[in-house]
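Q: I'd like to learn how to read helices in a model like this one. Could we walk through a couple together?

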2 protein chains.
Amino acid sequence: MAIIDNHSMRQSALFTKTRREAPKDEVAKNAQLLIRAGFIHKDMTGVYSYLPLGLKVLKKIEQIIREEMNELGGQELFLASLQNKELWEKTNRWDDAAVDIWFKTELKNGAFLGLGMTHEEPITNLMREHIRSIKDLPVAAYQFQTKFRNELRAKSGIMRGREFLMKDLYSFSKNEQSHFEFYEKTKTAYTKIYQRVGLGESTFLTFASGGIFAPYSHEFQTITDAGEDVIYVSREKRIAINKEVYTPEVMKELGVIAEELEEVKSVEVGNIFTLGTRFSEPLELFYNDEKGERTPVFMGSYGIGLGRVMGTIVETMSDEKGIIWPAEVSPFNIHLISLDPKDEVIRSTCDELYNAFQQMGKSVLYDDRDLRPGEKFNDADLIGIPLQIIVGSKNLTNGMVEMKERAKNMATLVPKEKIFATIA
Amino acid sequence: MAIIDNHSMRQSALFTKTRREAPKDEVAKNAQLLIRAGFIHKDMTGVYSYLPLGLKVLKKIEQIIREEMNELGGQELFLASLQNKELWEKTNRWDDAAVDIWFKTELKNGAFLGLGMTHEEPITNLMREHIRSIKDLPVAAYQFQTKFRNELRAKSGIMRGREFLMKDLYSFSKNEQSHFEFYEKTKTAYTKIYQRVGLGESTFLTFASGGIFAPYSHEFQTITDAGEDVIYVSREKRIAINKEVYTPEVMKELGVIAEELEEVKSVEVGNIFTLGTRFSEPLELFYNDEKGERTPVFMGSYGIGLGRVMGTIVETMSDEKGIIWPAEVSPFNIHLISLDPKDEVIRSTCDELYNAFQQMGKSVLYDDRDLRPGEKFNDADLIGIPLQIIVGSKNLTNGMVEMKERAKNMATLVPKEKIFATIA
């Protein structure tokens, strides 16, 4: 069952206000626009809170990912943030020399704890209680959980936070072949996710370095100047190579030549990894195979940063006036704008439309505030709901309301009674 | 729109296993049962992960609370976990001498951060950007967020964790009178929440000490021997007094006498506080009143720990066989148990029921595992879904299936074709 928050609301009740200027210390376009439009609040460098409009977008992204993870057979869980030092020592990832982005903290008794920056160790450990025989495999489990990363610099707004919500999926297979069958399915699921959140066109499956158990890992990279990565992309073949593995051998293997590849800046909006037995061996996640032999479970991990996706949408889908949300992640379906809430006819028309749109299953932000039209237009363009319905005296006298697609920045007049058919 | 996860699933696909024994170091009944039934995993003392069944219960509790908070006009947001030291110094709550449950951590540049144990400071601070005039009031905003508390001892399972999910609502009013109008409404909302999660009978509005701005605060206390509090309760008048304010004056004020009060152990499953200007003054959250005078916003805060509620349900609604979930928070509506999945007739009957229950809008856990009936019964009673439908050869030959209400531990035979009407 699809689970989407579909509340409508009057803008006069929304507590957040838009603002003309972003904080001076905020250099990332995504955060500047999201702060100005009242979607997020900057608490500190790299630390942001999500206000009601921002949380709505985040939840819609979350729900799209959840649906695709469930479709893969993933089972949702919710792991702890506080991390047991002993567990991470077993995989040699506790020491700051090995992993330099830990936030650590201390119990009253002086024992050290970590704050989860990823969750391979705890999930591998807990699976020991549930995976014993070959009949228990394969398993796929995922979560949405805050990750904490002690980044030295954090200048990319919500695209690289010191804390951020992440979807991480882990797979547990009996062997490499079974693993790669699942791994291929995750590529399809990820592709579908980026299409649904509106990044399909600009996002490319990208070959990156693989680690011990696979020649490559795969990243999903979205082309944007706000990105910190460089990829070589074939838009036609819809694949890309991360600069770090951009070699003649890789090109040959992928059947592409330098001439058809374009060098662009991009941001990694997701990645899928073959982990093999990197974690199952030191943490002793074994099962008894067909012959009764004790065998390490073959693992994979698959991440998507939700704030990273949301920030990338804003970087790539905005103009000088503000944000332009793709339909499926927009905080509301329709922005209904009353140009004169004090006028009785306009008010009753707007109220009627507000109710009727909801009856159609559309969520509506209804700007019923007593402000000048110019301010309302500016706010609506900044907030970026894809469809604006504008009701003013002049047009209404002629039986018309204005319909504006935010992406096109062009309004058309529609007879009031035809507005429902036009929208549907 | 109600938004409930209503997925059904086959138990053979569920990766968690039940276990006979809880870990030896686990002393709390709620955690023992939840671990044995595969709802949670114990990571460390006071730190638990939620497995798929446990997360389903947690999400149902969350959704009930969300609906009641929205009904109050609350707007949902999501504040950061990492806390700015400077902000907490302004209210004198940074120092460990003032607040001894902080987890603190450190940025690469040596600056100290806190891990949110509550969120009055950051929400008061961010509201400065959105509340300026009297027209911006009142505001109510809430979140579901992990809290971190450095508890010296944590022996109560998920009833007192070192990290736990909490709903915290904050209200912002123009003055004391406006505040108390809202405060009274939260009492009603809380009462409804405890009724819906199944704790209505055993939970009492309890007078507790109030702080500077109000004679009392109010707790919601559920009677259980697993609780750490002591209250004096009148079951008839449905009110209670916390031992800490149990004085003749308070009794007189509430119109009760010692003879009608019963001393019981209880657990605080929620609280509502008048904060007044305790935070708005030091953090400078002011607005301009009718006369244009700069006035501090009058605040309240309202908490419910989700794990605390879930643990309390298990403590108070379980027997020697396992958990007995109240209907509205049960991970599934129906536990469909096939006694012989290899038998073709039984399998097709069960598959048919599985589909038909889902068509009725019921979520089903379908035990299609190839195990002995005794094991299946034990698992079902341990997991605690309120309604079990059991399909076996002997009864099916007579056209009957067994229906067992977990709470009554008594089965009745129902003609197969009447099962839908009986359930509906």
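Q: Let's start with α2(A): how many of its residues are buried?
A: Keep in mind that this is a predicted model. A residue counts as buried when its relative accessible area is under 20%. In α2(A), 16 of the 20 residues are buried, so the helix is mostly covered.

Q: What span should helix α2 of chain A have, going by its residues?
A: Count 1.5 Å a residue: the 20 residues, 52-71, should span 28 Å. The end C-alpha atoms are 28 Å apart, which agrees. After α2(A) comes A:G73, with a positive phi near 90°.

Q: Is A:R66 buried or exposed?
A: A:R66 is found in helix α2 of chain A. Its relative accessible area is 11%, so A:R66 is buried.

Q: What does A:R66 contact, leaving aside its neighbours within four places in sequence?
A: A:R66 is in contact with A:E76, A:Y142 and A:F144, plus B:K59 from chain B.

Q: Over to chain B. How do α2(B) and α5(B) pack?
A: Start with the angle: over 145 degrees counts as roughly antiparallel. Helix α2 (residues 52-71) and helix α5 (residues 176-196) of chain B pack at about 155°, their axes 10 Å apart. The two are therefore roughly antiparallel to each other. The crossing of α2(B) and α5(B) is right-handed.

Q: Which residues meet there?
A: From α2(B), you have B:I64, B:I65, B:E67, B:E68 and B:M69. They meet B:A189, B:Y190, B:K192, B:I193 and B:R196 in α5(B). By class, that contact has six nonpolar, four charged and no polar residues.

Notes:
Residues numbered from 1 in each chain as written. Chains lettered and ligands numbered in written order. Predicted model: local features only at pLDDT ≥ 70, side-chain atom pairs only at ≥ 80, totals over all residues. Heavy atoms only, no water. Axes fitted to C-alpha atoms, helices over the stretch in contact; angles between N-to-C directions. Helix = DSSP H or I, 4+ residues; strand = E, 2+ residues; numbered from the N terminus. Parallel < 35°, antiparallel > 145°, perpendicular 65-115°, else oblique. Left-handed = near helix turned anticlockwise from the far one by under 90°. Contact = heavy atoms within 4.5 Å. Nonpolar A, V, L, I, M, F, W, Y, C, P; charged D, E, K, R; others polar. Expected span 1.5 Å × (residues − 1). Buried < 20%, exposed > 50% of the residue type's maximum accessible area, 1.4 Å probe, protein only.
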